[in-house]
Amino acid sequence: MAPPQQVNLISCEGIYKSYGERPLLANVSLGVARGERIGVVGRNGAGKSTLLRVLAGGTQPDSGRVTRGSDVVVGELDQVGEFETGQSVRDLVLGDREDYEWAGDSKTREILQALLGGYEEEQLGRVVGTLSGGERRRVHLAAQLIRDVDVLFLDEPTNHLDVEVIAWLARHLNARPKIAVVTVTHDRWFLDEVCDHMWEVVGGNVEEYEGGYSAFVLAKAERMRQEAVSESRRQNLMRKELAWLRRGPPARTTKPRFRIDAANELIAAEPPPRNSVELLEFASARLGKTVYELHDARVGFDQRTLIERTTWNIAPGARIGILGPNGAGKTTLLKTLLGETALLAGKRIQGVTVKPGVLSQHLSDLDESKTVIATVEEVANYIELGKGKQLSASQVCQRLGFDHDGQFTRVSELSGGERRRLELTRILMTEPNVLVLDEPTNDFDVETLAALEDLLDGFPGTLLIISHDRYFLERVCDTFIAVLGDGDLTDLPGGIEQYLELRKGVTSMSDSAKNTAEQTNSRPKDPGRDRELRKAIDKYERQLGKVDGEIAAVHADMAAISDDFTRMGELDAKLRELNVKREGIEEQWLEAATELAE
């Protein structure tokens, strides 16, 4: 028997909203009930954020009606984040609450610790306007979580958060079952962990589904089957996604709350998302027996050691996810493998047939006057998929979200996320046999992520990936390693769950756990000095996050004013300064971490 219908806290009827000629929302009617957890998905530009603003009351619809209970309290995290000039973090987050009021509240302290790194004057006394975009997002998120609200609207809440903090946010929301949550996010793990309903914004309409992201995939596949939708690229992608969700990674324990019998008929004979044996054979043929090897290697820079005396052999066809906190050395490790950063000691071997393709966090300079398809065809017109299969440049563009019109858009008109997709498309067109991806999923919507995963499923080579997108890592990678800042490379047979457990132990900083990690060369312990070093490490990690946010903001500015070449040159110079600044902070972090580990 179906549960009784809950009373809506917020309802909308016949909502219509447009910007220009194309309606984003057309005759939309839906509601949000107490305790509901709703994930909102759809293509970039489909109207997801507009829907949240209309429901939250920040934007008025062109027509239709939005109804809210008179005593309903609404919290909203938008993508702008307003603040007053000179306003401190304390004022924005805690308002006029006295210190003795919030300091005695364990929930408030937990939020401040998780999102701001603490609740001392060092964290709360900062001026919001001096913070990076990523830090401001965390401050605004903390301000909303601390409030006592009935409905919480969250627009991309996981942006600028790492795997650990995303996991904390999911636990925090699940521990507050009375609050209704409506969230726009491309983080599919978060959707699965938090949401019990899904809304898909498509073509001006909102399609409703029961369950989290996994259930959404199942339900949508079943809806497509019932509607006798013809076989298409999009449906094939969904079938593959559905097959993977049913098998799932070993760590996945949650089950979709949806009746899947009919949907399972779609995948009764569906093969695994990738044929590992076939890909391994193809990868070995392209790469030989050797890809990259490190022997008794010391990894770091400027004589600062990040990883001490490690031996690592990367096999042909390996699909490796690399995890670790900011500043621990993930990117430096990749640069060392690629030969861009020299070893401090030991030996590096690279296979003679290795042809790497690298997507870094920094975008390349492109000809602003050219179209997307012309920019891609500069690299190649076709790529080989093996067994006589090819994809044209246009087909690869389409898979990564550039439709026919998008392919003839000039580079100068692209957003930051679109430029990143273009960069990845160009890299794939070089037909590398080793693909190195550093945070590849930034600014991608759910459908584009699924298309990227589909392409990577058939990639006949070695994958090395750094990402905070847990779902993407579990979907694409077969093995995981961690760079924890303790001087070692840590194998993770238990995947991301094992990583989170290890990080929990590291951040607790218990003396016994620390002594276990320190195998040799221990120095006499000075508890006071250790506290200073840990505080310094926390500060440097926050500074790294701030610089990363500033770098992202510069990229966004470059995308917004790409036709102003004078300003573009100024931004490019600023970007170079920020990269130098980041390297300096990493050096300071490393010095403190090395002393703490001695």
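You'll find Glu431 in the loop between helix H17 (416-429) and strand E17 (434-438). Keep in mind that everything here comes from a predicted model.

What is the phi of Glu431? It is positive, at about 55 degrees, even though Glu431 is not a glycine. That's worth a second look, because most residues other than glycine have a negative phi.

## His160, another positive phi

His160 also has a positive phi, near 70 degrees, and is a residue other than glycine. This one sits in the loop between E6 and H7.

## Strands E5 and E6

Now move to the strands on either side of a pairing. Strand E5 covers residues 74-77, and strand E6 covers residues 151-155. The two run parallel and are joined by 4 bridges. If you want to trace one link by eye, take Glu76, whose bridge partner in E6 is Phe153.

Which residues of E5 make up its covered face? They are Gly75 and Leu77, while Val74 and Glu76 form the uncovered face.

## Helices H6 and H7

Follow the loop that holds His160 and you get to H7. Helix H7 (residues 163-174) packs with helix H6 (residues 133-146) at an angle of about 15 degrees, and their axes are 13 Å apart. Angles under 35 degrees count as roughly parallel, so that is the label for H6 and H7. Their crossing is left-handed.

Which residues meet where these helices touch? From H6 come Arg138, Leu141 and Leu145, and from H7 come Val165, Trp168, Leu169, His172 and Leu173. Sorted by class, this contact has 6 nonpolar residues, 1 polar and 1 charged.

## The whole chain

Zooming out, the chain has 23 helices and 20 strands. It is 598 residues long, and 52% of those residues count as buried.

Key:
Residues numbered from 1 in each chain as written. Predicted model: local features only at pLDDT ≥ 70, side-chain atom pairs only at ≥ 80, totals over all residues. Heavy atoms only, no water. Axes fitted to C-alpha atoms, helices over the stretch in contact; angles between N-to-C directions. Parallel < 35°, antiparallel > 145°, perpendicular 65-115°, else oblique. Left-handed = near helix turned anticlockwise from the far one by under 90°. Contact = heavy atoms within 4.5 Å. Nonpolar A, V, L, I, M, F, W, Y, C, P; charged D, E, K, R; others polar. Buried < 20%, exposed > 50% of the residue type's maximum accessible area, 1.4 Å probe, protein only. Pairing = 2+ DSSP bridges.
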